[in-house]
Amino acid sequence: MPEFLTLLPPDDARTLLLSHLSLPKIDSESIAVSSSLGRFTASDIIAPHPLPDFPRTTVDGYAVRARDTFGASDSLPAYLTLVGEVPMGDAPAFEIGAGQCALIHTGGMLPKGADAVVMLEYTQTTGLGGSRSTPAEEIEIFKSVADGENLIRIGEDVAQGQLVIPKGTLIRPAEIGGLMALGITSIQAAKKPRVGLLSTGDEVIDPSQTPRYGQVRDINSYTLGALVEKTGGEAIRYGIFSDSFQVLQEAAAKALSECDVIIITAGSSASTRDMTAEVIRTLGEPGVLVHGINTRPGKPTILGVCNGKAVIGLPGNPVSALVNGYLFVVPVIEKLLGALPKPKATVQAKLTVNLPSQAGREDWWPVKLILLGKHQA
C-alpha cells in the first residue's frame, strides 16, 4: 500500500477530507424549542419584538422622576406623594407627575412619567398607620437615583429585528430560554446526519456475550456512536462483520446508500488482512484520500470520500478509534450540520512524568487533571 508510506499531519488530512465533501444542502425540520437542546439552527432567528417590550423595574421600590430625588440623603430626605401601586401583570392606569411616586414590584411596568426606581430599603412611609404593605400618602426618600436606575428600558436586552441566534448555532439551555422569552416556540433545525457504524473482525463479538480467549467485545461502535450523538448526528449501528471482502463490501455499500457518513472500525492496519481501503475504493469516487496519519495513537486511519460522502476507516484499538473520531468524525458531522466554528477549550496543567515524543508526530496522551490546593494541575 504505497499511500500508507506517506503520513499526513492530522490538520492537513482533515483539510483534505473536508475539501472533497460536497457542499451540504442543510436539510431542516421544524421542531419544538422545548425539545431542541443539542440541535443546530438551520436558519437565522430574528427577534419579532423588543425584549422587554415595556419598561420594567428590576427591584422592589417606588417609581419616581429621578430629578425629584436629587440631593436626597439620610439627613435631608426628599418627600414624594404616593399616587398608587403598579399592578403586576397589567399596565398602571396612572402617570407620575412632579413630586409623585408609585409603589412598584420587581418586574412591574414603569408608569408613564417615571424614569427611575428607588429601592424599598432607601424609603420610609410617613403617614399614620402607614406601612410598606399599606402605603401611606407620603414617602420619604433617603437616596437619590439617576435617570434609568433600577429599570430596564424597551429593547434594552433585545431590539426588534435583531439577529438573536445565527444559523448553525448549537441550542443550549440559554438559547431555549431566550427563544421562549421572545415567544418563539418552534424553530427550523438541521436534520441529524445519519452516520453508519460498521465493526469488523472475526475476533469481535457483541458486548452482551462472554468472550473466549482471543475474542474481544465490540467497544468502538458504542463509543463512536456516543460521539456521533453528542456532536449532533444519528448513529446507525450495522453490526459486526467477518474478515471477508465481499461481506464487508456489501455491508458498506448498503450503509453508504442509507447514511450521510460511514465509519468502519478495525481492518485499517497495514496487514495482509486489511480490506478497508480496498472496500472504500469500490464504493465511489474519488475513494481513498489518505491512508496513514502522523499521530499516535491512530496512525493507520483511512480517510475517503465516495460520491460526496465521507467514508472513514478507524483502527480497532478503542483509544485510537476515539481519538481519531474527535479529529475526523466530529468535523465532518459539524460541516454537514452547518455548525458555526467554536473555540476549543484548554486548561493549563503541569505534567508529573516525562512523555517521549517523535519529531513531526502528534501524540495524544490520556491524562487525569487533579486539583492541588489553590492551584490546578
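Let's start with glutamate 258. This residue is partly exposed, with a relative accessible area of 34%. Keep in mind that we are looking at a predicted model.

Who is its partner? Glutamate 258 forms a salt bridge with lysine 254, and their closest N and O atoms are 3.0 Å apart. Lysine 254 is partly exposed too, at 45% relative accessibility. Both sit in helix H4, four residues apart, which means about one helical turn lies between them. In general, an α-helix has 3.6 residues a turn, so residues three or four places apart point the same way.

Now the helix itself. H4 covers residues 245-258.

Which residues of H4 are buried? They are Leu248, Ala251, Ala252, Ala255 and Leu256.

Next, a second salt bridge. Arginine 296 pairs with aspartate 363, with the closest N and O atoms 3.8 Å apart. Arginine 296 is in strand E19 and aspartate 363 in strand E22, so the pair ties together parts 67 residues apart in sequence. Arginine 296 is partly exposed at 35%, while aspartate 363 counts as buried at 19%. Arg361 joins Arg296 and Asp363 in a network of salt bridges.

Last, the count. The whole structure holds 12 salt bridges.

Definitions and conventions:
Residues numbered from 1 in each chain as written. Predicted model: local features only at pLDDT ≥ 70, side-chain atom pairs only at ≥ 80, totals over all residues. Heavy atoms only, no water. Helix = DSSP H or I, 4+ residues; strand = E, 2+ residues; numbered from the N terminus. Expected span 1.5 Å × (residues − 1). Buried < 20%, exposed > 50% of the residue type's maximum accessible area, 1.4 Å probe, protein only. Salt bridge = Lys/Arg side-chain N within 4 Å of Asp/Glu carboxyl O.
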